[in-house]
Amino acid sequence: MTGWATLPCAVGGALVWAFVPESARFLALRGRYGEAAKAANRLADGMGYRGPAMEADEVRYHFEKEALAFKPPPPEASADAQPDAERPAARERGGRGGSGGVSGRS
């Protein structure tokens, strides 16, 4: 009986895999800029946007800039290499880790 219970899940998963396209962001993060531009343009057309189409060079420019902004620190400067008291960011926040203001305290 359990074999029949997994059938709808397997069919649903196969349909999603076959018919739901990858997002433009997913493609761009993997360096597939031409496909990302096509996916973004297809979505824009479906929403009624009639402006200029996005090109692969535009996607590359924005995602390379984003990748540089979120580049992880080099291994020797990682959080595990220094205790919290010695980390400059921890001193500026006034204590241990956290997201720096999400808790609502100033």
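**View 1. Leu-7 and its accessibility in the predicted model.** Leu-7 counts as partly exposed because its relative accessibility is 42%, where partly exposed lies between buried (under 20% relative accessible area) and exposed (over 50%), with a 1.4 Å probe and protein chains only. Leu-7 has its place in helix 1, residues 2-19, helices being DSSP runs of H or I with at least four residues, numbered from the N terminus. This is a predicted model, in which local features need pLDDT of at least 70 and side-chain atom pairs count only at pLDDT 80 or more, whereas totals for chains, interfaces and linings use all residues. Residues are numbered from 1 along each chain as its sequence is written, and side-chain values use heavy atoms, with hydrogens and water left out.

**View 2. The largest nonpolar core.** Leu-27, Ala-28, Tyr-33, Ala-36, Ala-37, Ala-39, Val-59 and Phe-63 are the eight residues of the largest nonpolar core, a set of buried Ala, Val, Leu, Ile, Met, Phe, Trp, Tyr and Cys residues joined through side-chain atoms within 4.5 Å. Two or more residues of this core come from each of helix 2 (24-29), helix 3 (33-46) and helix 4 (56-69), and helix 3 gives the most, with four residues.

**View 3. The contacts of Val-59.** With neighbours within four places in sequence left aside, Val-59 is in contact with Ala-28, Tyr-33, Ala-36, Ala-37 and Met-54, contact meaning heavy atoms within 4.5 Å.

**View 4. The protein chain as the setting of these views.** The secondary structure of the protein chain comes to five helices and zero strands, a strand being a DSSP run of E with at least two residues, and buried residues make up 12% of its 106 residues.
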